[in-house]
Amino acid sequence: MDDGYAGYMGAVRWVSFNHYGEPESGEARTMDDGSVWARIAGPDPRGDDDRWVPLLDSAGVEAAGVSAVSYTHLRAHETD
């Protein structure tokens, strides 16, 4: 995600997860290869400057330090 060249499928969702034991939430993006990355809302618990972290690899396996991944389902606003 940090190389500026990763393919992005356009699927953006809100996600909650634990990152190295700390609860986090943020925007999750599904990449062209099927992996999922998240932009965490605050500083990375490990002190890294990069706030984009891998959540799931292309096989759906949680990345190192990641657990309890859950997506928030948002309903579209309905109008009359």
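## A bridge between two strands

In strand β3, Trp 37 is the bridge partner of Arg 29. This pairing belongs to a predicted model. The strands concerned are β2, which covers residues 22-31, and β3, which covers residues 36-40. They pair in the antiparallel sense, and five bridges join them.

## The hairpin and its turn

Together, β2 and β3 form a hairpin, with four residues lying between the two strands. Within the turn, Gly 34 has a positive phi of about 95 degrees.

## Ser 35 in the loop

Ser 35 is located in the loop between β2 and β3. Its relative accessible area is 8%, and Ser 35 is therefore classed as buried, the cut-off for that class being under 20%.

The side chain of Ser 35 makes a polar contact with the side chain of Asp 33, at 2.6 Å. Leaving aside residues up to four places away in sequence, Ser 35 touches Arg 29 and Thr 30, as well as Leu 56, Asp 57 and Ser 58. Arg 29, one of these residues, is also the bridge partner of Trp 37.

## The chain as a whole

The chain contains five strands and zero helices. Read from the N terminus, its elements follow the order β-β-β-β-β.

Of the 80 residues in the chain, 26% are buried. Among contacts with a separation of 6 or more, 33% are between residues 24 or more positions apart. The chain exposes about 5400 Å², and carbon and sulfur atoms supply 48% of that area.

Technical notes
Residues are numbered from 1 along each chain as its sequence is written. This is a predicted model: local features need pLDDT of at least 70, side-chain atom pairs count only at pLDDT 80 or more; totals for chains, interfaces and linings use all residues. Side-chain values use heavy atoms; hydrogens and water are left out. Two strands pair if DSSP finds at least two bridges between them. Buried means under 20% relative accessible area, exposed over 50%, partly exposed in between (1.4 Å probe, protein chains only). A polar contact is a pair of N or O atoms within 3.5 Å; within protein, one must be able to donate a hydrogen and the other to accept it, and residues adjacent in sequence count only if both atoms are side-chain atoms. Contact means heavy atoms within 4.5 Å. Accessible areas come from the Shrake-Rupley method with a 1.4 Å probe; for residues, only the protein chains shown count as cover.
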